[in-house]
Amino acid sequence: MTDLTLGRALTPVRRQRHLSLPPLGASLSILFLLALVLAAVLPGLFTRIDPLAIVPREAFQPPSWAHWLGTDQSGRDIFARIIHGARQSLLIGVAATAISMAIAIALGLLGGLGGARVDRAVGWLLEVLFAFPSLVLALLFVAVFGSGVGPLIVATGLGGAPGYARMVRGQVLAVRNAGYIEAARALGHPTSRIVLRQLLPNAMRPLVVTLTMGVGQAIVWASALSFLGLGARPPAPEWGTMLSMGRDFIANAWWLTFFPGLFIVLTTLATTVTGRYIQQRLEGRLP
Amino acid sequence: MTSTTLAVTDPRRERLAALGRRAGIRLAGGVLVLWAVATLTFFALRLMPGDPVLAILGGTTGNPSPEAIEAARQEFGLDKPLAVQYVLYLGRLLQGDLGMSYSQHLPVTRVLAEQGGATFELTVAALVLAWLLVLLLTVVTAGRGRLIGGVASLLETVSASLPHFWLGVVLLAVFAFGLRWFPPAGSDSLASLVLPAFSLAIPLAGFIAQVTRESLELTLEQPFVLTARTRGLSDLAVRFKHALRHALLPGVALSGWAIGALISGAVVCEVIFSRKGIGRQLYQAVQLQDLPLVIGISLVVAAGYVLANILVDLLYQWIDPRQQEAAA
């Protein structure tokens, strides 16, 4: 019995591994994300069909060899629309995460380095922003600045910012008193250099994982806003907008909503699994 | 004197008193946060392009006379300086007056009173359902070897990635239009609550189950679990009576965040299932630029969220007395 517990205590690594998905999942996820980026850059590689071409006599075709994922109410090919929508969905996800992160870094540095009084003010501001659920914050923003892709990106970024800011602040506070910061200060480096070269890179390292997953989350939130009709305008092949349009035909033509949603799910799943994989790699390397 | 009172105090009562103190501090903080929320919302909406008076008098379609504009400006106090407007706004808030909805021509408080119950019902049902799914999945499958753990973990990861709006539409297609088990819309019967509650609960359960499984697997390797087993307790008794309380903590901590996600999800689900509720009201108010309604709903949602987080915090302290000692 003692041997058994001792053995278990000595092999924490094994437990770590069986908790996570197998490396197969991680490699599939990375492949999917790479394909998605490729589709965003060169959609022509995946499909030759025009995503905006309206062919009324081919409306509501179920998935077939000619139209892999079927056609929508105007006879547009859904696979082509999803591939061409990858660019916009990825751009929205990355841009919104970048906005979240910019706000978070500004607030986190201010709180972590500005002294006790500033830190209390930042903590206070975060608590106020936290009182709004993300979608409510995003809806408030849309109410003030109107709908469209631009406000959609800012609204999504704003909705996610408080969570990141809390993490950045915690990281800055943890790293601030590390030995290498003290060493850099002793060497007489200017504060700006220490912040940019030492503090930020080290504080951000654990956030790489959160960022990877964050892009997936941002795509979901942005799609939710588009789904509510507050984002990209209908003819554009945006995943959330496609889902929203297909909702009217859900009783007869399930493929109009199922496939755009499936790609949102696969993207989130892939970012989550990839993020977790990066996390394990980082943790494995760090002592 | 002091030593005798200390000796006779009931530890249970002392814990309750400490919990009460903490509740008081948190509530005071919550009130301050709400004041800041109200202030932020007030000034943010004043930044809005366009004249609020025009929105009151029928939005973009109305064509009011200059006299009507001037009258409305005076009636709503919009001719006064911003600082005065702000003080008046706070005064009305304290009296529980959230103004009139531009689009429905009803007091905002009445809209909230009529619609709030349905949203509360939906979010509570979803939270309870999510926890049931979590307990079912994690307590039974944690620490059962690689295969079962792997399958359960995959299931959790996939459910956590499902967006509410897609899950809702898929459930609608399969169970309302395909199998016709549940009504596709409405909010009058218990059956109409099932699909929206599931589409909110499944992704949430995935999130909570991930952390609960991890913490349960760690707990099952603790010495006290071994002790319980040597006393002859059955496997399920060990899991439910001893391991679970320890393993619940991360999940409970996450529930505070979860309530925010539930409220966001409720907006989407109420729209999909055409349910009554403040989520759908908020969505419509944003589309119609009905500012008093947007402000009112945001404030109530923020108040509910802050209150829920205080409750979660207290629950956390109650489950784990060590936290309380650390805080005291």
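Mentor: A residue is called buried if 20 or more other C-beta atoms, placed from the backbone, lie within 10 Å of its own, exposed if 12 or fewer do, and partly exposed in between. This is a predicted model, in which local features need pLDDT of at least 70 and side-chain atom pairs count only at pLDDT 80 or more, while totals for chains, interfaces and linings use all residues. Residues are numbered from 1 along each chain as its sequence is written, and chains are lettered from A and ligands numbered from 1 in the order in which they are written.

Trainee: How many helices and how many strands does chain B have?

Mentor: Helices (H or I, at least four residues) and strands (E, at least two) are DSSP runs, numbered from the N terminus. Read along the sequence, chain B follows the pattern α-α-α-α-α-α-α-α-α-α-α-α-α-α. The count for chain B is therefore 14 helices and zero strands.

Trainee: Which residues of H12(B) are buried?

Mentor: Eight of the eleven residues of H12(B) are buried, so this helix is largely enclosed by the rest of the structure. The buried residues of H12(B) pack against helix H6 (134–145) of chain A, and also against helix H6 (108–141), H11 and H13 of chain B. In H12(B), the buried residues are B:Ile278, B:Gly279, B:Arg280, B:Gln281, B:Leu282, B:Tyr283, B:Ala285 and B:Val286.

Trainee: At what angle do H11(B) and H12(B) pack?

Mentor: Axes are lines fitted to C-alpha atoms, for helices over the stretch in contact, and angles run from 0 to 180 degrees between N-to-C directions. The axes of H11(B) and H12(B) lie 7 Å apart, and the angle between these helices is about 85 degrees.

Trainee: Is H11(B) roughly parallel or roughly perpendicular to H12(B), and which residues make the contact?

Mentor: Angles under 35 degrees count as roughly parallel, over 145 as roughly antiparallel, 65 to 115 as roughly perpendicular and the rest as oblique, so H11(B) is roughly perpendicular to H12(B). Two residues are in contact if their C-beta atoms, placed from the backbone, lie within 7 Å. The contact is made by B:Ala266, B:Val267, B:Glu270 and B:Val271 of H11(B), together with B:Gly279, B:Arg280, B:Leu282 and B:Tyr283 of H12(B).

Trainee: How do the residues in the contact of H11(B) with H12(B) divide by class?

Mentor: Ala, Val, Leu, Ile, Met, Phe, Trp, Tyr, Cys and Pro count as nonpolar, Asp, Glu, Lys and Arg as charged, and the others, Gly among them, as polar. By these classes, the contact of H11(B) with H12(B) has five nonpolar, one polar and two charged residues.

Trainee: How many residues does each chain give to the contact between chain A and chain B, and how does the side of chain B divide by class?

Mentor: Chain A gives 38 residues and chain B gives 45 residues. Among the helices that each supply at least two residues of the side of chain B are H9 (191–219), H11 (235–272) and H12 (278–288). The side of chain B that touches chain A divides into 33 nonpolar, eight polar and four charged residues.

Trainee: Which residues does B:Leu262 contact, leaving aside its neighbours within four places in sequence?

Mentor: A nonpolar core is a set of buried Ala, Val, Leu, Ile, Met, Phe, Trp, Tyr and Cys residues joined through C-beta atoms within 7 Å. The largest nonpolar core has 138 residues, and B:Leu262 is one of those that touch the most other members. With those sequence neighbours left aside, B:Leu262 is in contact with B:Thr123, B:Ala126, B:Leu127, B:Leu200 and B:Leu204.

Trainee: Where does H9(B) bend?

Mentor: In H9(B), 22 of the 29 residues are buried, so this helix is largely enclosed by the rest of the structure. The bend at a residue is the angle between axes fitted to the seven residues ending there and the seven starting there. H9(B) bends by about 30 degrees, and the place is B:Ala197.

Trainee: Is B:Arg180 buried or exposed?

Mentor: B:Arg180 lies in the loop between H8 and H9 of chain B, and has a positive phi of about 60 degrees although it is not a glycine. Because B:Arg180 has 9 C-beta neighbours inside 10 Å, this residue counts as exposed.

Trainee: Is A:Gly85 buried or exposed?

Mentor: A:Gly85 is in helix H4 (residues 78–113) of chain A, and its contacts beyond four places in sequence are A:Pro237, A:Glu238, A:Trp239 and A:Met242. Because A:Gly85 has 25 C-beta neighbours inside 10 Å, this residue counts as buried.
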